[in-house]
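Subject: Structure for your records

Hello,

Please find the structure below. My notes on it come after.

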Amino acid sequence: MRVYPYPRLTGAVTVRVTAVRLRGPGDTREQLDSRGYSVIEQVVALGRAERDDWQTARLALTATIPAREIETKGHWSDVMAVAVLAEGATNTRTVARLEPDAAGGRDWTGEIELDRDNYVDRASLAVHVVATVGGIAGRIIASTDQEWLIDVTADAPLRDRQLEVSTVSFARGAEWLRSFRDAPWIVDTAGRMPTVRLNSDFEGLVALVESQGSKVESVVGEMVLAQMCADVWTAVFHTAIGDLEIEDDGTPLFPSDWRGAVLREMLPDIVPGRSVEDALREVHIRRAGQGSWADLQPRIQYAAARRAEVPKALAAAVRDIERLDQETHA
Amino acid sequence: MTSRPEHLPERLALLSDVQAAEYISTGLLEGRDDVPSIALNKVAEPLPGDDARLQLHRVRDLIDHVLDRFRDERPTAADAWLAPRLHETLRLTRREAAEKRLWTYLALGVAPDYVVWRHLSEPRADGSHGRVARDRFVGPHYKQTFARLWWAAELFRDGPDYRPVVVACANQDMLNSALRLDVIDHRPTALALVRLMERGVVRTGREVNGLTPAVNAAAATLMYDVLAPDVERDGQALRDWIEGAESSLPTPRNNLPEGPEEERAPEEAVERLVGHFEELFADAQVRGRTPVESE
């Protein structure tokens with residue numbers, strides 16, 4: 001926990017998006033359907049907009065701050081609430097001041113604008129309460145615990161992202177895919193989000209994983225899917241760990257995008273019983289050649305298989321095959 | 001030395017990390033090999049549309065010029081010249097600039113010779129070859145050869161005025177350390193750092209490396225956006241500037257180009273932070289180390 005040399009609020013600060021208005025060329029306007037944002041997930045999905053050519057999105061916000069605590073403790077003056085919209089990939093940061101609905105009230109409202117040219121993927125939205133403390137202006141005395149995510153392309157307001165699966169012909173697809181022409185699938189981790197590419201030249205594969213066939217096919221399909229999933233987890237883990245930013249003192253940093261999420265998710269299984277920061281350092285040291293990288297491989301496989309539910313899929317397959325056998329002999 | 005690509009298509013393209021990996025050989029990193037440009041352009045994905053911005057020769061002309069102009073100087077000196085001109089030539093939105101594949105293509109498909117010239121380290125005393133770090137071809141925005149210059153120009157310009165970019169790029173420590181910090185996403189903060197350099201408050205790399213972490217650490221408890229509010233950005237100015245690329249002249253070689261007609265950062269906001277950072281810096285120097293995180 002960070003220690004601050006000045007008093008901060010202990011009560012929670014929360015924020016919710018109450019409306020989203022989009023504007024496009026020629027002053028066209030659209031109000032985003034309320035299914036385009038979720039108070040539970042705390043996500044706005046701007047991809048849900050009817051018109052694809054919107055340029056700016058104005059988010060109406062209401063923040064709730066512990067007004068009574070501010071009043072009773074009396075440490076703070078010039079209290080204000082500020083919304084910050086930021087995205088690492090575009091180095092963009094937009095700030096808007098909120099105003100109290102009533103003097104000394106808990107609810108503060110305002111609007112913040114997102115310009116589409118300045119954001120590429122997901123911006124985070126937080127509210128900070130700022131005040132003068134002990135003669136020093138501009139101190140941050142509280143912030144929202146969980147940020148909202150403003151997704152500029154998604155059409156469903158969900159925090160967790162779905163893995164993208166695309167079906168392409170490896171033989172006739174992009175040049176670099178041709179060298180994999182015999183492979184049923186490959187995991188491409190180079191982009192902003194990892195993608196599974198299914199080889200449409202591999203006869204029957206697409207039907208198999210879409211489980212459109214017979215009982216036997218669906219049993220095998222489930223197994224293939226689990227296997228593919230395990231491949232994905234292994235690939236994304238190796239990509240994430242291979243591309244770490246290192247501080248001057250040698251401390252590896254968690255990446256801000258999906259790579260960071262993958263590491264946080266898998267490290268507790270790979271280096272059990274340690275904080276994720278320690279685990280990251282340990283794995284990084286081993287990979288860099290000080291310590292055994294090979295010893296870690298079974299743990300990485302284990303973590304990947306667990307997430308892909310390979311044991312579960314395999315157990316189900318064994319059971320289903322038994323049942324199918326019984327049916328044919330019956 | 002790695003030479004100019006033999007085959008240069010008309011338009012810029014995208015190249016993913018996976019595709020790039022095949023071409024980043026040890027020979028290239030040591031500046032001995034060329035990039036096989038015909039094969040590379042077969043796998044690269046050309047950008048759609050016929051925007052003048054995305055004509056390859058506009059960038060390549062600039063590279064040819066900078067290589068000639070700075071051939072007898074230290075390669076680091078080229079950064080301050082190239083950053084604003086690359087920015088003005090490409091005219092990208094931040095959304096477009098977040099596309100890493102574009103920068104990778106620039107490094108491998110358009111100007112591998114420049115990457116090698118600019119970033120090849122001196123040969124070592126033991127006789128081993130000098131090397132270009134791999135992240136100068138494919139790397140984060142503060143490392144990759146061209147992304148780093150473009151983002152420096154974007155984050156340090158004051159509306160249309162590229163002069164602060166020239167100052168920031170003239171100091172490698174400022175360029176390397178500030179660019180990776182989130183605080184400079186606040187424009188008055190970036191401009192205040194530049195002003196401290198202009199006024200000679202911070203001069204050496206060591207001083208810059210003392211100042212920037214102090215400024216960053218203080219931002220954990222102080223909100224610069226409130227202490228020194230910036231104006232709201234008007235996206236239309238940028239859109240007009242991008243549209244103007246169709247009829248624009250090649251970027252000026254001797255004078256500084258002009259960026260989009262966005263409103264400049266408020267003078268009092270920048271000065272307020274200059275005063276604040278000066279105090280932080282004095283404090284950091286007195287202690288002979290960077291301040292602790294809490295202050």
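This is a predicted model: local features need pLDDT of at least 70, side-chain atom pairs count only at pLDDT 80 or more; totals for chains, interfaces and linings use all residues.

Domains. Chain A is split into domain 1, covering 14-151, and domain 2, covering 164-325. Taken over C-alpha atoms, the centres of domain 1 of chain A and domain 2 of chain A are separated by 36 Å.

Sheet. Chain A has an open sheet of 3 strands, in the order S12-S14-S13, and the pairing is mixed. Strand S12 (164-168) and strand S13 (185-188) of chain A are at the edges; each has a single partner strand, so one side of each has no neighbour in the sheet. From one strand to the next, the twist averages 25°. S12(A) and strand S14 (residues 195-199) of chain A run parallel and are joined by 5 bridges. In one of these pairings, A:Thr167 has A:Leu198 in S14(A) as its bridge partner. Helix H4 (residues 215-242) of chain A packs on this sheet and touches S13 and S14 of chain A. The direction of H4 makes about 30° with that of S13(A).

Single residue. A:Ser38 sits in strand S3 (residues 37-38) of chain A. Is A:Ser38 buried or exposed? Its relative accessible area is 14%, under the 20% cut-off, so A:Ser38 counts as buried. Apart from neighbours within four places in sequence, A:Ser38 is in contact with A:Val43, A:Trp148 and A:Pro157.

Helix in chain B. Which residues are buried in helix H15 (residues 235-243) of chain B? They are B:Gly235, B:Ala237, B:Leu238, B:Arg239, B:Trp241 and B:Ile242. The cover over the buried residues of H15(B) comes from both chains and includes strand S8 (107-115) of chain A and helix H5 (78-90) of chain B. At the N-terminal end, H15(B) is capped by B:Asp234, which has a side-chain oxygen 3.0 Å from the backbone nitrogen of B:Gln236.

Contact between chains. Chain A contributes 36 residues to the contact and chain B contributes 32 residues. Between them the chains bury about 3,100 Å², with 51% of it on carbon and sulfur atoms. On the chain B side, B:Arg95, B:Met223 and B:Arg239 lose the most area to chain A, and together they make up 21% of what that side buries. B:Arg239 is also among the buried residues of H15(B).

Regards

Terms used:
Residues are numbered from 1 along each chain as its sequence is written. Chains are lettered from A and ligands numbered from 1 in the order in which they are written. Side-chain values use heavy atoms; hydrogens and water are left out. Two strands pair if DSSP finds at least two bridges between them. Helices (H or I, at least four residues) and strands (E, at least two) are DSSP runs, numbered from the N terminus. Axes are lines fitted to C-alpha atoms, for helices over the stretch in contact, and angles run from 0 to 180 degrees between N-to-C directions. Contact means heavy atoms within 4.5 Å. Domain bounds come from an automatic or database domain assignment. Buried means under 20% relative accessible area, exposed over 50%, partly exposed in between (1.4 Å probe, protein chains only). A polar contact is a pair of N or O atoms within 3.5 Å; within protein, one must be able to donate a hydrogen and the other to accept it, and residues adjacent in sequence count only if both atoms are side-chain atoms. Buried area is the accessible area (1.4 Å probe) that two parts lose on being put together, summed over both.
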